Amino acid sequence: MSIRVLIADDDATIRASLNLLVDSEPGMSVVAEANDGHEALRMAELHRPDVVLLDVQMPRMTGLEATRVLAERPGGPHVIVLTMFDLDDYVYEALRAGASGFLLKNSPPPEVLRAIRIAAEGNALLAPEVTKRLISRFAPARRDKRVDLLTTREQETLVLIGRGLSNDEVSQALFVTPTTVRTYVSRILTKLGARDRAQLVVIAYENGLVGIP
């Protein structure tokens, strides 16, 4: 099935460029465009995209505010926020709000297409080195008591997710099957009230489970 993409950016040139890129890729299609946060929410409701490429700063409603609303919708799309700078407090807050990851607006086309596929699969689009910089700069000291509800194995899984490992890599590290890892991840998401792996990465760093140099 084709990955349905919504592009939301107040810059018409960027929208046109992304539209051409996505529509030219087999297995992807642009179902709608939006030039501000309010229109992004309306288009998402009408067209039910799988992935939303969302400018983090837009008029009327920011990408951060739109991300929060989209993340609260049952079965809502995966959000990739677009930004000019990787060290952006809006990016950090968008990740906490439920974005699957972020892209710089000058990212090369193959990276954009790869990001859309990763997000559509429900995976986190977060490079560990960038995550460390974001968390160390913007994250206040937090301690989520729900982390204590995790079993030892679940905490070990959360640490490895925080380090950027895939399910297959986690299964190899813990000497368990990928099916078992998927069970662990599902339980962790439920216990921590997290939407996806991106939020788990942030939680792992905020709670000191993954060290920040």
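Helix α2 is followed by R48, whose phi is positive, near 50°; helices here are DSSP runs of H or I of at least four residues, strands are DSSP runs of E of at least two, and both are numbered from the N terminus. The model is a predicted one, in which local features need pLDDT of at least 70 and side-chain atom pairs count only at pLDDT 80 or more, whereas totals for chains, interfaces and linings use all residues. Residues are numbered from 1 along each chain as its sequence is written, and side-chain values use heavy atoms, with hydrogens and water left out.

Most residues other than glycine have a negative phi.

Helix α2 itself spans residues 37-47, and its buried residues are G37, A40, L41, M43 and A44. Seen down the axis of α2, these buried residues fall within an arc of 165°, so they line one face of the helix; the arc is that of the directions from the helix axis to the C-beta atoms. The buried residues of α2 pack against strands β1 (3-8), β2 (28-34) and β3 (51-55) and against helix α3 (63-72), contact being defined as heavy atoms within 4.5 Å. At the start of α2, a side-chain oxygen of D36 reaches to within 3.0 Å of the backbone nitrogen of H38. This pair falls under the heading of polar contacts, which are pairs of N or O atoms within 3.5 Å; within protein, one atom must be able to donate a hydrogen and the other to accept it, and residues adjacent in sequence count only if both atoms are side-chain atoms.

In soluble globular proteins, nonpolar side chains tend to be buried together. A nonpolar core is taken as a set of buried Ala, Val, Leu, Ile, Met, Phe, Trp, Tyr and Cys residues joined through side-chain atoms within 4.5 Å. Of the 52 residues in the largest such core, L54, L192 and L200 touch the most other members, and helix α10 (residues 197-206) gives the most to this core, with seven residues. A second, separate core of 20 residues includes V51, L103, I118 and A119. When its neighbours within four places in sequence are set aside, L54 is in contact with A8, A40, G63, A66, T67, V79, I80, V81 and L82.

Two helix pairs were examined by their axes, which are lines fitted to C-alpha atoms, for helices over the stretch in contact, with angles running from 0 to 180 degrees between N-to-C directions. The axes of α7 (residues 152-162) and α10 come within 8 Å and cross at roughly 100°. Helices α7 and α10 are therefore roughly perpendicular to each other (angles of 65 to 115 degrees; under 35 counts as roughly parallel, over 145 as roughly antiparallel and the rest as oblique). In this pair, L158, I161 and G162 of α7 meet R197, L200, V201, A204 and Y205 of α10. For α8 (residues 167-174) and α9 (residues 178-192), the axes come within 8 Å and cross at roughly 105°, which makes α8 roughly perpendicular to α9. The contact is made by N167, D168, V170 and S171 of α8 with P178, V181, R182 and V185 of α9.

Polar side chains were considered in turn. R15, in helix α1 (residues 12-23), is buried, with a relative accessible area of 13%, and a polar contact of 3.1 Å joins the side chains of R15 and E33. S107 lies in the loop between β5 (101-104) and α5 (109-120) and counts as buried at 13% relative accessibility; a polar atom of the S107 side chain lies 2.7 Å from the backbone oxygen of L104. S24, by contrast, is exposed, with a relative accessible area of 53%, and is placed in the loop between α1 and β2. A polar atom of the S24 side chain lies 3.1 Å from the backbone oxygen of L20, and the backbone oxygen of L21 lies 2.8 Å from a polar atom of that side chain.

Conventions: Buried < 20%, exposed > 50% of the residue type's maximum accessible area, 1.4 Å probe, protein only.
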